[in-house]
Amino acid sequence: PPGQILSPLLLLLLVPCPAAPCSPQPNATRFVCTEPTLSTFPSGLPPTTLAISVEFTALATMVPTALAGLPRLRELHLSSNRLAALPETLLRPVPTLRVLDLTNNLLTTLPADIFATTRHLQHLVLRENRLRALKPAWFRHLPRLLWLDLGDNALTEVPPEVFHPLGSLRSLDLSHNRLVSLVPGVLAGLRALERLDLEGNRLGTLSPATFAPTPALRLLFLQDNQLQALPAGIFVPLRHLSVLDLARNRLRALELPPRPPGPVLDLDISGNPWDCRCQLVALLRRVTPRLTATRDTVCASPPRLRGQEVAAVVQAGDTGC
């Protein structure tokens, strides 16, 4: 009967309308949005907001006033979006920002003064973008920065002393770029640095004083480069080194830091064509590192030792030294 059939219009009125995707909540301190169709940065966030995560969306642009009215913001996570550029004044309304994560966007560069007012920034992640060059101006106003991740970009060089203002930096990641060499002074000013990742570049040589400015270094990753030789004494300044990865280079001879008074050095030298004569054997016996990936750490010469594991040769002591 007609009286028992609801009209289509009435049915639409009775169905509750879904809230707009990623709607801000009043007085909230955190805002999270992972809506794939989102293309505009949400507006109307309350001034109580401390952390924002807008990730895995279609966000391609940010207006200069996107963060206006958020004076307490501490964390901004914008990873896995489609951002190709950022306005120079974007961060001016958020001087208390501590964490900025821009992983996996389309950034080829940044405005020179984008960090001019973020002196409290501690973690800056620019990983998996398309950065081709570093601007010294980016780092001039970041005295409290502890963590800088520039991995997986298209950097071909690092300007000398570009990191000099970063006296508090503990971790620097330059892995998986296109670095062929490191100019002298590239690590100048990084006396607090404890972790340096240079994995997966195209480094063929290193200067003898490369690591002199970083005496606090504890973890050093140089695997998957094209190193053919190490300058004598290159690791001597690194008396606190606990992890050294030189795997999959083209090294025949080894350099190591002095034997530390503390924990044993974890050392990966696999995938290199080692010359297992007296010099290598004597060095490994003196420093006594903990070799990892021993099955892939084999001798290439002399002929009578070719294919044998380096660890076994050192332990056997039958090299004629």
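Cys33 has a relative accessibility of 0% and therefore counts as buried, where buried means under 20% relative accessible area, exposed over 50% and partly exposed in between, with a 1.4 Å probe and protein chains only. The model is predicted, so that local features need pLDDT of at least 70 and side-chain atom pairs count only at pLDDT 80 or more, while totals for chains, interfaces and linings use all residues. Residues are numbered from 1 along each chain as its sequence is written, and side-chain values use heavy atoms, with hydrogens and water left out.

**Disulfides**

- A search of the whole structure finds 2 disulfides, a disulfide being a pair of cysteine sulfur atoms within 2.5 Å.
- Cys33 is joined in this way to Cys22, with the sulfur atoms 1.9 Å apart, and the torsion about the S-S bond is about 75°, so this disulfide is right-handed.
- Because Cys22 lies in the loop between α1 (8-14) and β1 (30-33) while Cys33 is in strand β1, the pair ties together parts that are 11 residues apart in sequence; helices (H or I, at least four residues) and strands (E, at least two) are DSSP runs, numbered from the N terminus.
- Another disulfide joins Cys276 to Cys299, at an S to S distance of 2.0 Å, and its torsion of about -95° about the S-S bond makes it left-handed.
- This pair links distant parts of the chain, 23 residues apart, with Cys276 in the loop between β12 (274-275) and α2 (278-287) and Cys299 in strand β14 (residues 299-301).
- Cys276 is buried, with a relative accessible area of 1%, and Cys299 counts as buried at 2% relative accessibility.

**Nonpolar core**

- The largest nonpolar core has 86 residues, of which Phe163 and Phe211 touch the most other members; such a core is a set of buried Ala, Val, Leu, Ile, Met, Phe, Trp, Tyr and Cys residues joined through side-chain atoms within 4.5 Å.
- The elements giving two or more residues to this core are β1, β2 (51-54), α2 and α3 (310-316), and α2 gives the most, with 5 residues.
- Not counting residues up to four places away in sequence, Phe211 touches several residues, among them Leu187, Leu206, Ile234, Phe235 and Pro237, where contact means heavy atoms within 4.5 Å.

**Arg127**

- Arg127 lies in the loop between β5 (123-125) and β6 (147-149) and is buried, with a relative accessible area of 18%.
- The side chain of Arg127 makes a polar contact with the side chain of Asp149 at 2.9 Å; a polar contact is a pair of N or O atoms within 3.5 Å, and within protein one must be able to donate a hydrogen and the other to accept it, with residues adjacent in sequence counting only if both atoms are side-chain atoms.
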